[in-house]
Amino acid sequence: MSQTIKDLDLSIELDKKMYKKKLKVLQYEMLNAQQFLLNNKIGLILVFEGMDAAGKGGAIKRLIERVDPRGYVVHPISAPQPHELRYNYLQRFWRKLPQHGQISIFDRSWYGRVLVERIEGFATKEEWSRAYDEINNYEKLLTDGDYIVVKFWLHVSDEEQLKRFTDRAQDPYKAWKLTEEDWRNREKTPLYIEAANDMFEKTDKENAPWILVAGDDKKHSRVQVLQETIAHIEREAQRRGLHLTNILDTLESSNV
């Protein structure tokens, strides 16, 4: 049975003291994983989708906080530009793939085809219906080669989203994040949930899994994103007959 949003426990929380402890350890493990990817020329592609104000930006920030900035790029994806509409919708994402050994993080992604384009009518039913197979084939091409693909959906309750919207509106340093479209999209939450559940059912594959993250507690979601990313890199290393060696352990053993 495929996972659905209703299966998420949005009440889960993480103690602040435990959060800080786990975050530091996991961030250094992520730095170690980055060096492993570089040394083995394996590209990492991380996709972030989810509800507005679900904490995607905060999770990405903590994910990359201690890694080498020369080794990753974050791609904020918005509506395609007029010249991009002259191509297949996947073309602009091919151009943003990381070099082997590098990391690309997509804040929104090609899944817009089966989410916002489906809901807003920017793609016909025929177009977004066939996009599931197109996306699966696209990701299979990547993972059959030297890429690892992990996809995150961050979700918040309607009540928590409203609270975050209100907080943003009152904070001059965050007000820029909030638009009239964000408020309007709240009315379409059931449609987005329906589209997301269809997306999980049709594109949650072993080679490119969806990880659903409860986002009402930001501390929990940030830690889970790091844990799941590192765990998937470890599984992919084993599948390739490689071992994700901890650099610090290697240094300690060499000094003995």
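Me: At what angle do H1 and H9 pack?
Reply: About 30°, with the axes 9 Å apart. H1 covers residues 16-39. Keep in mind that this is a predicted model.

Me: And what does that make H1 relative to H9, roughly parallel or roughly antiparallel?
Reply: Roughly parallel, because angles under 35 degrees count that way.

Me: Left-handed or right-handed crossing for H1 and H9?
Reply: That crossing is left-handed.

Me: Which residues make the contact?
Reply: From H1, they include Tyr19, Leu23, Leu26, Met30, Ala33, Phe36 and Leu37. H9 brings, among others, Val223, Leu226, Ile230, Ile233 and Ala237. There are charged residues in there too, including Lys16 and Glu29 of H1 and Arg222 of H9.

Me: How does the H1 contact with H9 divide by class?
Reply: It has 12 nonpolar, three polar and five charged residues.

Me: OK, on to H2. How do the axes of H2 and H9 cross?
Reply: At roughly 55°, and they come within 9 Å. H2 is residues 56-64. That angle makes H2 oblique to H9.

Me: What's the handedness of the H2 and H9 crossing?
Reply: Right-handed. On the H2 side the contact is made by Gly58, Ala59, Arg62 and Leu63. On the H9 side you have Arg222, Val225, Leu226 and Thr229.

Me: What classes do the residues of that contact divide into?
Reply: For H2 with H9 there are four nonpolar, two polar and two charged.

Me: Changing topic: how much space lies in the second largest pocket?
Reply: About 220 Å³. The elements that give two or more residues to its lining are helix H5 (125-144) and helix H9 (218-239).

Me: Which helix gives the most to that lining?
Reply: H9, with four residues.

Me: Which residues line the second largest pocket?
Reply: Lys140, Thr143, Asp144, Glu206, Asn207, Pro209, His232, Arg235, Glu236 and Arg239.

Me: And how many of the lining residues are charged?
Reply: Six, alongside three polar and one nonpolar.

Conventions:
Residues numbered from 1 in each chain as written. Predicted model: local features only at pLDDT ≥ 70, side-chain atom pairs only at ≥ 80, totals over all residues. Heavy atoms only, no water. 1 Å grid on protein atoms, 1.4 Å probe; cavity = no way out; pocket = protein on both sides within 12 Å on 5 of 7 lines; lining within 4 Å. Points joined across faces, edges and corners; volume = space filled by probe spheres on them. Axes fitted to C-alpha atoms, helices over the stretch in contact; angles between N-to-C directions. Parallel < 35°, antiparallel > 145°, perpendicular 65-115°, else oblique. Left-handed = near helix turned anticlockwise from the far one by under 90°. Contact = heavy atoms within 4.5 Å.
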